[in-house]
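Hi everyone, thanks for coming. Please get the sequence and the 3D view ready, and we'll walk through them together.

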Amino acid sequence: MRINPQSFFNFCANHAPLLSTLAARGGDFSEAEAMRLIRANPGIGEELPETAWRRLRELQILIPTEPGSEVFFMAEPVARLLNYLFNEANPATPEIICGYVASLETVNKQLAGALDDEDVQRISSAFEEISQTLRRIHADLNETQSAILAEVTRYKTERPRVSVREKYRRIVYWMGRYVEPMIEIVRVDGPLRTAFDETERLLHRAREEALFNDHPALARNLRFLRLVGAHALRVFTQCRKEIQPLYESLRRSSFIAQGAARALEQLQAVGLSRWGNEHLIGVAAWRYQNVPSDAAILVTLRRVIEFPPELPPVLELTAEEEAPDGLVRLLWLESLPTRVSENLPVQDLVDWLAENCSGRGISDVLAAFSVLVFYPDFHATFTDREPRTYDIAGGEITASPVTLTST
Amino acid sequence: MNTLPHLTTIFDRLRRGYHLGPDDEPEFSRLCERFDEYAAYFAALGITLVRHEREFFYFNADSPETVPDTLPRIAVFSYIMIDHAANQGRPIDEFIFGQNFLVTALPHFTLDRYTALLRQVEVHDMSDLENVLNHMERIGWVKWLSNDEFRFLRPFHRVFGKCIELTQTAQTPSADESDSASTTEENPVNRE
C-alpha cells in the first residue's frame, strides 16, 4: 500500500519524541506496550492515544511481524530513516568492507574486459559502479568512526553503572571485532589498497586510451579513490588511538581486579592455613642482632658481682602438734554414720544429734544432719508431727521430727 | 659513600618495612637523586633497595619462614578494597588514589562474604580494621588525614602489582611456579 508522503511526514513532525523512543527501544511491540509508549510521549495537539496507535499502523511505521499478528515492529525503511535523522551510527563490520573490496575487484575485472574490448558502454557502467562503491565505503567509514567514538564516550560517561570487568570485556570486543581487523584491511599493503591501486590503474588506462571522454568525472573519481584510501586508514588509526588508552587502562584494571578476586576466592576455598605466601606482599622487617660490647659485658659482670646476697627462704618441715580444726570437724562428721547406725532406727534425728553432739554449735549440728540425711545407707523420712524445739549450744532449732532408718 | 645524606634515617625507616614515597621528604628526593649509590651501599650489606617503576623505594623482603600476622590482614584488606573498586566502574587506580576514604564508609563489612574472609584473619570489627590501617600507615601505604579519614599512598601500587602477578600466573599455568614466589612481585625497576 502506497503511503502519502505528506501525511507520513506530518505525523512524524508531530510525534518526533514517540518515534525516537520507538526506534531506541527496537524489537517487537505488543499493542499494550505501544500504547504505553504513546501515552508517555504524547504528540502535538489533542489526540487520543488510540488515534496515534491507528496512524502508526496505517502509515506502516509499525508493521505486524506476520499477517494477522498482534505483535509489531518498526518497518526497516523507517528505522533506517530515524537512524539517519538521530545520527545513531552503526559501525561497518570488516565483512562489509571486505564485501566492498570484493565488489571493486569484480568491477575492476569487468572494466579491464571492457577496456580490452573497447566497449564504451560497459566502461561507463563500470565507472558508475566504481563511483557508487567508493561513496558507500566513504559513508560507511564515517559512520563507523562515529559509532566507535560514541562508544568510547559512552564508556567514559556511564562510569557508575558498569563494572570494570564488563567494560573491559566490551572494549576488547570493539577492538577485536572492528578496529584491529579493519586496520588489517585498510592498511597500505592491505586488500583495500590493492583493489584501489588496480582501479586507479584501470582508470588511467581508460583516460590514456581515450575510451572514456568525461575527463572531469574521471579526474574526480581518481581524486575520490585516493581520498577514500587515505581516509580509511586515517579513520581506523584514529579509532585505535581513541580506544587504545581506554583499552590499556581497562586491561590493567581488569587484571588487578581478577588477581584480587582470585586471591580472595582461594582464601575462601582453602582457608588461611593453606592460602600460601604467594598471595602476600612481602614487607621487609630487619632487626638488630649485635655481639655484646665490652662495656655491656662489664656492666653485666658488675651487676653479678655487686648483687647483695639474701638468705634463702626456710621451709617449715616439722609436723604440727595439734590437728587443724577443719580436719577435726571433718573426722567427726565422717564418724557420725557409724555411730548412728548402732541406734537405728532413730525416731527423731535432731533429738539424737542434740544428745550426741553436746558442745557443738548449730552449724555443726546442721552439717551433721545433712551428712546423715543424704548418706546412701540411710533413709530419712520427714514427718508431719508437731514441731519441737531442740536446745543446741549457741541457740535452739524448731522442727518436726525426722526419722532415720537403714535402707 | 660515607657522605650519603640521611643514611641513618633512610635505613632505619626502610628496615622496618616502610616505603619511602613523595610524602617523605627530604629522604625521597635524596634517594631519587642518588639511588645507585644508596643501592650499592645497601647491597654491600646484603640488602636490596628497590626502586619501583611508580617511583617509591623499599627494601626487598626475604622470604620469611614465619609470616607475621599483619601481612595476611593487610593482603585481605587490600584485596577486598580492590574487589569493591572493580564494581564501581572506574579504573581501579583512579578509584583508590583519587579520593579520601572514611573508615566508617569502607566496604569491608557490607557483604557477608567480605566479613567471613576478614574473620579468617582475625579482623572482626571496625576497631580491628583501624589496626590494619595503622599497620599500613607504618609501612607507608596509607596516610591518616583525621581520626576517621585516610588516603592511600603511592606504594599501594605494590598490591596492584601483586594482583597482576596473580592473574598472569593463573593465565600461564605451565610456567614454573617457583618464578611466582612472593619475592618476585610486580615491576620493580631493579628486580633481581
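How many helices and strands does chain B have? Chain B has 8 helices and 5 strands. Keep in mind that we're looking at a predicted model. If you follow chain B from the N terminus, the elements come in the order α-α-α-β-β-α-α-β-α-α-β-β-α. The chain has 192 residues, and buried ones make up 36% of them. Now take the contacts in chain B with a separation of 6 or more: 58% of those join residues 24 or more positions apart.

Let's turn to a sheet in chain B. It is an open sheet of 3 strands, ordered β3-β5-β4, and the pairing is antiparallel.

Next, where do the two chains touch? The contact takes 35 residues from chain A and 44 residues from chain B. On chain A's side, α8 and α10 each supply at least two residues. The largest share of that side, 15 residues, comes from α10(A).

Let's stay with α8 of chain A for a moment. This helix covers residues 164-186, which is 23 residues, and spans 31 Å from first C-alpha to last, close to the 33 Å expected at 1.5 Å a residue. Where does α8(A) bend? Look at M175(A), where the bend is about 35°. The buried residues of α8(A) include V164(A), Y168(A), W174(A) and V186(A).

V164(A) also brings us to the inside of the model, as one of the residues that I92(B) touches. Leaving out residues up to four places away in sequence, I92(B) also touches S253(A), I256(A) and A257(A), along with I82(B), A85(B) and A86(B). I92(B) belongs to the largest nonpolar core, which has 98 residues, and is listed with V76(B) and I82(B) as having the most contacts inside it. Helix α10 of chain A, residues 215-270, gives the most to this core, with 16 residues. Apart from this core lies another one of 14 residues, including L349(A) and W352(A).

I'll finish with some backbone details. Most residues other than glycine have a negative phi, and most peptide bonds are trans. Which residues go the other way? The bond from L344(A) to P345(A) is cis, with omega near -10°, and P345(A) sits in the loop between α12 and α13 of chain A. The bond from E25(B) to P26(B) is cis too, with omega near 5°; P26(B) is in the loop between α1 and α2 of chain B. For phi, go to E55(B), which has a positive value of about 70° although it is not a glycine. You'll find E55(B) in the loop between β1 and β2 of chain B. Because E55(B) has 14 C-beta neighbours inside 10 Å, it counts as partly exposed.

How values were computed: Residues numbered from 1 in each chain as written. Chains lettered and ligands numbered in written order. Predicted model: local features only at pLDDT ≥ 70, side-chain atom pairs only at ≥ 80, totals over all residues. Core = buried A, V, L, I, M, F, W, Y, C linked by C-beta atoms within 7 Å. Buried ≥ 20, exposed ≤ 12 C-beta atoms within 10 Å, placed from the backbone. Helix = DSSP H or I, 4+ residues; strand = E, 2+ residues; numbered from the N terminus. Contact = placed C-beta atoms within 7 Å. Pairing = 2+ DSSP bridges. Expected span 1.5 Å × (residues − 1). Bend = angle between axes of the 7 residues up to and from the residue.
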